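Please read these points with the sequence and the structure side by side. They go from the chain as a whole to two of its residues.

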Amino acid sequence: MQMTETPPQSEQRQHQQVYRVEASTDLSVSQVAEHLEHLAFPSLRQRTQTHCLDGPLQAVAVTCQGDAIGLVLAHGTPNKSEAEIVSLYVRRDHRGRGLSRALLTGIERLLARQGHKRVRLAYRSDWPAAPIVERRLRQLEWTPPKANLMLGKFSASEVAESWKS
């Protein structure tokens, strides 16, 4: 898939930016962490400390003039019943150009070709980009998100006090 963007007339650039969307399959976590960690959000290294990512990762990347500027990573279950998007990132200076849509569409197609029946994405609703992610998911006609985990912060004294009651 190739996307071509024409800059707005107000910009003084005389060229077009050409984006290429490319898929890679069966990548190891260590390969991605070594070469693409700067395009992983949330951090893949941090995620592997708290979550087991057995098996290969599937990736779709966006490049511009040979530089990787966006990446989506997914990890599927061995029986292919479900895949989870574990990272979605577009470099700040290329945001607002439909690249996250291209990444999500690309990973959906890749996972469907591999036989995955369902794709899910978990994210924190307090992240600044959460409204943007939710808007993009609505545009792609994903099922509306549901809260599945509530986190709270308490001091040790507050917890101790609540146990006294």
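1. Helices, of at least four residues, and strands, of at least two, are DSSP runs, numbered from the N terminus. Counted in this way, the chain has five helices and six strands, and their order along the sequence is β-β-α-α-β-β-β-α-β-α-α. Please keep in mind that this is a predicted model.

2. On the chain as a whole, 34% of the 165 residues are buried, while the exposed surface comes to about 11100 Å², of which carbon and sulfur atoms supply 51%. Among the contacts with a separation of 6 or more, 57% are between residues 24 or more positions apart.

3. A polar atom of the Gln58 side chain lies 3.1 Å from the backbone nitrogen of Asp26. Leaving aside residues up to four places away in sequence, Gln58 touches several others, including Ser24, Thr25 and Asp26, as well as Val72, Leu73, Ala74 and Ile107.

4. Phe154 belongs to the loop between helix H4 (130-139) and helix H5 (156-164). Phe154 counts as exposed because its relative accessibility is 63%, and the cut-off for exposed is over 50%. Together with Val159 and Trp163, Phe154 makes a nonpolar surface patch of about 410 Å².

Notes
Residues numbered from 1 in each chain as written. Predicted model: local features only at pLDDT ≥ 70, side-chain atom pairs only at ≥ 80, totals over all residues. Heavy atoms only, no water. Buried < 20%, exposed > 50% of the residue type's maximum accessible area, 1.4 Å probe, protein only. Contact = heavy atoms within 4.5 Å. Areas by Shrake-Rupley, 256 points an atom, 1.4 Å probe, with all protein chains shown as cover. Polar contact = N/O pair within 3.5 Å; in protein donor to acceptor, adjacent residues only side chain to side chain. Patch = residues over 30% accessible without salt bridge, like charges linked within 9 Å, V, L, I, M, F, W, Y side chains within 5 Å. Salt bridge = Lys/Arg side-chain N within 4 Å of Asp/Glu carboxyl O.
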